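Hello,

Here is the structure we talked about passing on. My notes follow below it.

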Amino acid sequence: MGEPGFWDDQEQAAQVGAEHARASKRLAMYRELERDAEDLEPLAELAEEDQEIARELEDQIRAVQERLDELEEQRLFSGRYDNGDALVTVNAGAGGTDAQDWAEMVLRMEMRWAEKRGFKVELLEVSPGEEAGIKSATFRVAGENAYGLYSAEKGVHRLVRLSPFDAAHRRQTSFAGVEVSPVVDADTDVQIDDEDLQVDTYRASGAGGQHVNKTDSAVRITHKPTGIVVQCQNERSQSSNKATAMAMLRSKLAELEERRRQEEIAAERGEAQDVNFGSQIRNYVLHPYKQVKDLRTGVEVGDVQRVLDGDLDDFVRAYLLHDASNN
């Protein structure tokens, strides 16, 4: 950054500046953690003779452990897009109205998790269900390592509960799928040919006021070679919705390319690695007992409500460690 002419290329300078800020932040965290860890030893000696200090020592150890876990987590992000923002899409699966209601619960859970971590969340598109819940929704998460973290949530989430939409109150199994794509810049190497696009406009549905109900401002874009469909209806103008939809399409195409690259790496290693969307990753059981279990790592949590309120750190950290050990 001190080189002559560094600021001549503003875009490159901004990228290096952001990288410098991230590195400086991690280094400061490490040095502070190192100092606090060194302070534990003399505190432990005093704690042997003083109960009050012993309790303080327990709090200090817990705080050091939490920050150590955070640094360990950051060490796991080495992918091309891991440090950047993420585009998260939730789709209702099999199960009718129950599945659409479950999809809305998953959407809330994933957004609450982002907020708990201090990320910025922007809801880009929601397609409401016929009776309840949602058919699909997409939101953007902005923050350090957002894509790397949310990659742990890709796949099918399965709910078992007594259906609130069944007059007989029978047990129902519902599914919701979570797709995660990296947010990429417009000048990225993802190439999109206009001839490959089918652009449709339609009248937006759901909340939005008189403007939404009177104009065909919503935009749906289909990428014909891949079959990827994106849509946006949250902006006030058709041009804004199209710009947002195109950004979503670039992200999904980047994710598709990254997925193919991972498949090639797995094939070269001779591994039968499932890197495709569609594999079931987690069960949420509300009846006849209460438990959330991640099928990839075996992590179980009995407090289902805490998980549905966005406490996903245990599942995500375990998966990231599991994934890193396998790679």
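**What turned up**

The charged end of R296 sits over the ring of Y319, 4.0 Å from the ring centre. A charge counts as over a ring if NZ of Lys or CZ of Arg is within 6 Å of the ring centre and within 35 degrees of the ring normal. R220 likewise lies over the face of Y202, at 4.4 Å from the ring centre.

First, the ground rules. This is a predicted model, where local features need pLDDT of at least 70, side-chain atom pairs count only at pLDDT 80 or more, and totals for chains, interfaces and linings use all residues. Residues are numbered from 1 along each chain as its sequence is written, and side-chain values use heavy atoms, with hydrogens and water left out.

**Sheet**

Helices (H or I, at least four residues) and strands (E, at least two) are DSSP runs, numbered from the N terminus. Two strands pair if DSSP finds at least two bridges between them. Eight strands make an open, mixed sheet, in the order β2-β3-β1-β5-β4-β9-β10-β11. Its edge strands are β2 (120–128) and β11 (300–301), each pairing on one side only. β4 (155–162) and β9 (280–285) run parallel, over five bridges. V156 stands opposite Q280 in β9.

**Aromatic pairs**

Rings of Phe, Tyr and Trp (its six-membered ring) pair if their centres lie within 6.5 Å; planes under 30 degrees apart are stacked, over 60 edge-to-face, the rest tilted. That rule gives five aromatic pairs. One is Y81 with Y147: edge-to-face, 6.4 Å centre to centre, 90° between the planes. Y81 is in the loop between α2 and β1 and Y147 in helix α4 (146–150), 66 residues apart. Both Y81 and Y147 are buried. Buried means under 20% relative accessible area, exposed over 50%, partly exposed in between (1.4 Å probe, protein chains only).

F139 and Y150 are also edge-to-face, at 6.2 Å and 80°. F139 lies in strand β3 and Y150 in helix α4, so this pair ties together parts eleven residues apart in sequence. Both F139 and Y150 are buried.

L71 is in helix α2 (51–75) and is buried at 18%. Beyond neighbours within four places in sequence, L71 is in contact (heavy atoms within 4.5 Å) with R26, M29, Y30 and L33. T244 is in helix α6 (238–269) and is buried at 16%. With residues up to four places away left out, T244 touches L124, C232 and E235.

Best wishes
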